[in-house]
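Hello,

Here is the structure I promised to pass on to you.

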Amino acid sequence: MMEDFDPDLPDDDGEQEDLAARNSLRRVAGLRTELEDVTEVEYRQLRLERVVLVSVWTSGTQEDADNAMAELKLLAETAGSEVLAGLVQRRSHPDPATYVGRGKVEEVAEAVRATGADTVICDGELEPAQLRNLEDRVKVKVVDRTALILDIFAQHAKSAEGKAQVELAQLQYLKQRLRGWGGNLSRQAGGRAAGGAGIGGRGPGETKIETDRRRIHTRIAQLRRKLREMDATREGKRAERRRNQVPSVAIVGYTNAGKSSLLNRLTGAGVLVEDALFATLDPTTRRSETSDGRVFTLTDTVGFVRHLPHDLVEAFRSTLEESAQADLLVHVVDASDSDPEGQIAAVRTVLTEIGASTVPELLVLNKADLADEATILALRANHPGAVVISARTGAGLDELRTTIEDRLPQPEVAVDVVVPYDRGDLVDKIHKTAVIGSLEHTAEGTAIVANVRADLADELAAFARG
């Protein structure tokens, strides 16, 4: 049974200065500054973007369709929108021209007019023609799920690497969806074709849209070079940990499952924590120790979501490789979610895509203080070995720490040595990396029985007893 939340417990999430800064700039729904007397001051109106959600239900149950719409609503609200209405159409596949059928398009247009919405968000990745056709019919901006997630990432990216990764993903998405109108599409030409412009009217013959596409390709090449340089730095840090044989644990999971809260609880990292999707994007690595003194690292990674845009996976590949190269994945699941099994499947799909499916996994059922007991029992039955915790209250964390220690790579070479007192460096290595069976201070030196790594066993060979 999970213990109740105690408001007097110490705050393990730290100062949360990043969260305070983010909230200080947040727009608030329902607050309006409309000044009717435009003769005195300029008319102003401050409001959130008003959106209508549209989804096509192609497979699964009614509950799956409801969960997908609820997630789209959370994504839209995280991006700073006020959701006014949602429409779902049951079809075998999306309409190739307008995503939804002709009759449903008229219904969407009517909902936009009735609610005064200024944006339509579709739960899928739309082709350029579908976007254009829908906008022509509903007369407002149309955004698909991919653009929505990219917008959230753009708002939340803080580090130079994160901003470059998001910009790269946005440009990859945009380059296939460039549009131009009227004179922007006219070519430069000479002679009579240019209306008599003659000399000075001749040019390379590029349209404005081609020029924009070329500039996007140039910027993409620049960003990739920049990310390769940053990746070299990240790889250098990883190589240093591998050289010192420091085990690494990556915390992965669905967005808003509580990964950052768990990292703060285990290490006191002070990473930003917020009840929002994709609140933290930049991976954070912290040093930790087992109860017997062995050192390992814990890394908080970017959250996953169903149908994570391919462009984002490609742009964040260097960051996601933290998971693929870990010794253990701590897979955090929101046990209070309406579809935790769907979250687990979505995360494992992305892990397979980035080559991390073979890394040992420890399933952690978080938010047990909010979850239904029957749901937790069902999850434990389906996933033997899962650990139930609440990062908010701290319940179950001792069991989690013990389980992580047991699942870390174990030193395999048994040694029985007496290390001279002038070789304190070797004793320090044993404390940090070995599993110590016994340790005793004698007249000749420190007598140690332990399991150590092969390279350290070679260094200790000269001090073996017997």
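This is a predicted model: local features need pLDDT of at least 70, side-chain atom pairs count only at pLDDT 80 or more; totals for chains, interfaces and linings use all residues.

Residues are numbered from 1 along each chain as its sequence is written, and side-chain values use heavy atoms, with hydrogens and water left out.

Four strands form an open sheet in the order β2-β1-β3-β4, with parallel pairing (strands are DSSP runs of E with at least two residues, helices runs of H or I with at least four, numbered from the N terminus; a pair needs at least two DSSP bridges). At the edges stand β2 (81-90) and β4 (141-144), each with a single partner strand, so one side of each has no neighbour in the sheet. Between β1 (residues 49-57) and β2 there are nine bridges in the parallel sense, and Val54 stands opposite Leu87 in β2.

Now the helix pair. α5 (residues 145-156) packs against α6 (residues 160-174) at about 155°, with axes 10 Å apart (axes are lines fitted to C-alpha atoms, for helices over the stretch in contact; angles run from 0 to 180 degrees between N-to-C directions). The two are therefore roughly antiparallel (over 145 degrees). On the α5 side, Thr146, Ala147, Leu150, Phe153 and Ala154 meet Val166, Ala169, Gln170 and Tyr173 of α6 (contact means heavy atoms within 4.5 Å).

Happy browsing!

Terms used: Angles under 35 degrees count as roughly parallel, over 145 as roughly antiparallel, 65 to 115 as roughly perpendicular and the rest as oblique.
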